[in-house]
Amino acid sequence: MNLILVTFIILLAFTSYYFGRKKALVIQSSQRLTALPKFYGYYLAAWCAAPALIIFALWSVFEPSIVKTFILQDYTDQNLTKNELQLIYTKVKSLAAGTYTGNITNFLDESANKYIQLKGIANSAKVAIILAILILSLSFAYRSVQKNDRMREPVEIFLKWVLFVASLGAVLVTIGIVFSLLFEAIRFFQAVKIFDFIFGTHWYPAKTFVRDGQPDPELMKDAFGAVPLFAGTFFIAFIAMCVAIPIGLLSGIYLSEYAGRGVRKYAKPIIEILAGIPTVVYGFFAALTVGPFVKEIGNAMGLEVSAESALAAGAVMGVMIIPFISSLSDDVITAVPQNLRDGSYAMGATKSETVKKVIFPAALPGIVGSILLAVSRAVGETMIVVMASGLAANLTMNPLESTSTITAQIVVILIGDQQFGDPKTQSAFALGISLFIVTLFLNVIALSVVKKYREKYE
Amino acid sequence: MNSFKKNLLKKRYNAERRFQWYGKIAIGLALTFLAVFMFQIFSKGYSAFQKTWIVTEVHYDKELLLIDAESPSKDDLENADYYDVAYKAMTSLDPGLPEEEDRQLIQMVSYKYETEVKDLLLKNPDFLGKIVPIKLTASDDVDQVHKGNYPRDIPEENRRVNDYQLQIYDMLNERGDILSEFNISFFTSPDSREAELAGIASSFMGTVFSILVCLAFSFPVAVLAAIYLEEFAPKNKFTDFIEVNINNLAAVPSIVFGLLGLGVLLAVFNLPRSTPLVGGITLSLMTLPTIIIAARASLKAVPPSIREAALAMGASNMQTTMHHTVPLSMPGTLSGTIIGLAQALGETAPLILIGMVAFVNTIPGTPVDPAASLPVQIYIWSESAERGFVEKVSACIMVLLAFLILMNLAAQIVRHKFEKKWS
């Protein structure tokens, strides 16, 4: 139904484009045109499609909630909670769709009939209104075409608005992220105290799983302490940075200061391949090759090593991050003005002394910015940890044991079927929002540091 | 004094040389990681492109097939009972085996061997009543033995293939009845719980559909947004806000987009779970900032002289942009788009959250059928314990990497072939 309506509107818009252009050619025989003929077509097409599609979109957004209020009006005298009302509405909907399998009461049956009726009315009303709008806007547009009004400006203003709305897309995504996370997270914090979440040291959400009814609040208090996850996240990120910073920074310095053209031309893109490999592939590599390798070496040294160790995950993550640091610091170092180098050479400094004492301090803000970006990347990395570092949230500082991270726990909680409204599912969103805040914080600092640095030398 | 200076100089030169070596070692290490990594994947994965068959003889006995008709129709063949015929085909390999031990022989072929026996007859109806050779898919364990991935010299109880099965395998191998051929079914069959039957067709189609959906949603919006921000946006607080927003969005962890897909697309808009449609939209939100940034950069690279020339000829701002600036910036935009899509291609975590991790053993035909995607397939298989899946994972990784390399090459070609050099 909706599809037919939209196709109809679009087809009509195309037809009115050709019609408008034809009309312009007719006008041309008696009057001077105000714009190229195609603008007459665009004008008609825009007036045809835009109002109808906007009304259609608004209708589709608001119709369900209006129908819902109408249906639930019959239940207002029963003193039901919000959740119960929601449940009734779902039952009514599935009964109307013919997929309901529970007990059918008279009342429910009545509501379902009313629902079907309302939907029918809404549908015919929608079609009628949209047809009316199509006729109205087209006749309005046709009148101004006939009057030979200016055609180009309105079309261009319309296009500009389309462009503007598109640029709001990115803002909309951000708003969507914040609200979807906040909405579930707030409901989670109604069940679990925010204090228990941030400072609790015991993460074991599976404990709260109860098939029917509410879980025990005492259990809830002790099951959602996120400290082990925060610690694990930063611990693994720390291991990753221990691998990535020295290798990335030194290779970045070498590539920008020492390497000849040939080496630079080939080595740089090859190192960047490391950044293009999907993380799930790294995860497989960490779980299958690096993990057992670390375990073997550890056992040979007489240490107790878990097969899924934080060290393996962190090291592989570090390898993944090398190219971020190396190419970012390469860019930053190349941006240091040549006269700083020349001054240092003129004083008799060797190349490495120049790098260490002049270029590195000058480029430090940019390097710090790129490292912060890399940390945010490591904090948000998911698949490597899920596959290589185990899923039990241990509070440990031993790199040879398994730990879990925020991202890995989100995956563990949400893999398979979820039940919305369950505190376990909601806890994933609470974790998500803490992850979002941490990475946002890191990114904002990093981007502003890098920006300031760029301005300094430009 | 002189010798002191000389020593100092020597020290400084040594330090210089050491520093250079640190850089070389760092680059060497990075390259070594890459090499080890590639070697591991290829050495583990190449064997998955070979499939092992066991050749045996099957007697399409009318009596055992329970076919009464004199000249049976296609339907008769379709509805016949192949259990005994298939069973006999396998047990005839060792007629002396007592009946209660027959599972050992049956386990050497895939559990679908009965279907394979049936399909051969359906393809060649004139085999009815005859004894013909037939190729049966070897079970995962026999396959691994044939590829040399299972050590044979460990005690029997630690092996998945017992001594008797090894003996039969050796006998067949000597007769030349173990065939190894290119594994077409890896590319044409959907996922399966059995390693020897599992293929990437379903996840491959899932990936193709999600990438197409992602392109359809992200490309138009991103290009339009980039045009607005670069060509028309007034310089004010709101524009700055949009810009900061885009830059931050590009660095948001991918899993957060998965939560967005779950919380909004599935819970609010009620789109179908586990489908490439939802996966593609989620990925498109993620690629949006990448494409916007690339498109803006390439719009910025178009020299002002082009705009000035168009304006001087009397074109409006919109005409200048749409007829001159945007077409000239397209190569850069397109290559940025391809790179953004390549990133989306490798994403796993957001797809897991919106349910594309479900076991799907049909090949999806539309974007609203449940499907997996290649990276998720890698994840699913790598969670399986069987050795057969390890090589499948590596092979799947090779396919995925080949895909990525192709896309990056395409991006390079688009950029270098079509981009105008302004000098």
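In which order do the three strands of the open sheet in chain B stand? The order is β2-β1-β3, with antiparallel pairing. This is a predicted model, in which local features need pLDDT of at least 70 and side-chain atom pairs count only at pLDDT 80 or more, while totals for chains, interfaces and linings use all residues. Residues are numbered from 1 along each chain as its sequence is written, with chains lettered from A and ligands numbered from 1 in the order in which they are written.

**The sheet of chain B**

- Strands here are DSSP E runs of at least two residues, and helices are H or I runs of at least four, numbered from the N terminus.
- β2 (131–137) and β3 (178–182) of chain B are the edge strands, each with a single partner, so one side of each has no neighbour in the sheet.
- From one strand to the next, the twist averages 40 degrees.
- Strand β1 (residues 50–59) of chain B is joined to β2(B) by seven bridges, and the two run antiparallel; pairing requires that DSSP finds at least two bridges.
- Within this pair, B:W53 stands opposite B:T137 of β2(B).
- Helix α4 (residues 83–91) of chain B packs on the sheet and touches β1 and β2 of chain B; contact means C-beta atoms, placed from the backbone, within 7 Å.
- The direction of this helix makes about 105 degrees with that of β1(B) (angles run from 0 to 180 degrees between N-to-C directions, with axes fitted to C-alpha atoms, for helices over the stretch in contact).

**A helix pair in chain B**

- Helix α10 (residues 201–232) and helix α15 (residues 317–345) of chain B pack at about 140 degrees, with axes 10 Å apart.
- α10(B) and α15(B) are therefore oblique to each other (angles under 35 degrees count as roughly parallel, over 145 as roughly antiparallel, 65 to 115 as roughly perpendicular and the rest as oblique).
- Residues making the contact include B:F219 and B:V223 of α10(B), and B:T333 and B:L341 of α15(B).
- By class, the contact residues are ten nonpolar, five polar and one charged (Ala, Val, Leu, Ile, Met, Phe, Trp, Tyr, Cys and Pro are nonpolar, Asp, Glu, Lys and Arg charged, and the others, Gly among them, polar).

**Domains**

- Chain A has domain 1 (2–149) and domain 2 (221–457), with bounds from an automatic or database domain assignment.
- The C-alpha centres of these two domains of chain A are 49 Å apart.
- Chain B is divided into domain 1 (49–183) and domain 2 (201–418), whose C-alpha centres lie 46 Å apart.

Definitions and conventions
Two residues are in contact if their C-beta atoms, placed from the backbone, lie within 7 Å.
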